[in-house]
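Here's a quick briefing to read alongside the model. Have the sequence and structure open as you go.

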Amino acid sequence: MKDVAFGALLAIQFLTRLPVPVACPWTPATRRWAARAYPLVGALLGALVAGVGTLLQPLLPTPLLALLLLSLWVALSGGLHLDGLMDLADALGSNAPLERRWAIMKDAQVGSFAVLALVFHLAWKAALLWALLEAGASPWWLVPVASLARLGGLGLLVGVPAARGEGLAHAWQQSLGARDLALAALVPLTGLAWVPGAAWLVAGLGAFIIIYGLAVRRAFGGINGDIVGAAIEGGELCLLLIAWGGCAFALA
């Protein structure tokens, strides 16, 4: 049970900026349980943001509420996955040979492609949040969005090999297999079983992760931590788009 508890706390420490004043051991067992807890931590993030949204929805106009919720979303996650998105954008935008793309991704400096990717990504997220809220959707839609996106990131870790025998993604993969992905999926998929339109969320995310995994494997030969982080951000955007589409269709 210690490994389970430490793994859950490790996942919170890694994926959020929530204070966890515990030194968690970094072992294969705790890494495995931390990975299994990814969707649960996503659900926690989504619930915190949705709770604030529910309290403030009667008080704020929709555009301000959408921007506030997005700001809180980024703050709680520490912008961890946005950093991966920016690094990936710089590497792909360079149109350089493979080794140079890897060097660009590791470079701490931020290039123009990273800035453009960040601005447009956050703009689309804010617009979709606004559209969802304006269509009458509950802020609690953010719970499955944040949870499933992290499940998708875990699926990428399990299904696509690391491009290099080093780095964070490689370290996580040493402890992971299909069984871990299945266990991680149990809670979010069971919870979604009674949510109208949930099948579209799952199918859309699955298609996105498969296409994304094939694309990055072709472009980079495999994954690293930045590529997984960018997948989580892309998964959230994809899920917000599907949720908005579902709401718009229901109102038509």
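Contact here means heavy atoms within 4.5 Å. This is a predicted model, so local features need pLDDT of at least 70 and side-chain atom pairs count only at pLDDT 80 or more, while totals for chains, interfaces and linings use all residues. Residues are numbered from 1 along each chain as its sequence is written, and side-chain values use heavy atoms, with hydrogens and water left out.

**Arg 31**
- Leaving aside neighbours within four places in sequence, Arg 31 is in contact with Leu 10, Trp 26, Ala 171, Trp 172, Gln 174 and Ser 175.

**Aromatic pairs**
- Rings of Phe, Tyr and Trp (its six-membered ring) pair if their centres lie within 6.5 Å; planes under 30 degrees apart count as stacked, over 60 as edge-to-face and the rest as tilted.
- The whole structure holds five aromatic pairs.
- One of them is Tyr 38 with Trp 172, edge-to-face at 5.7 Å centre to centre and 65° between the planes.
- Trp 102 and Phe 220 also pair edge-to-face, with 5.5 Å between centres and 70° between the planes.
- Phe 14, Trp 26, Tyr 38 and Trp 172 are linked into a cluster by ring pairs.

**Charges over rings**
- A charge sits over a ring if NZ of Lys or CZ of Arg is within 6 Å of the ring centre and within 35 degrees of the ring normal.
- Arg 36 lies over the face of Trp 33, 4.3 Å from the ring centre.
- Arg 101 does likewise over Phe 220, at 5.5 Å from the ring centre.
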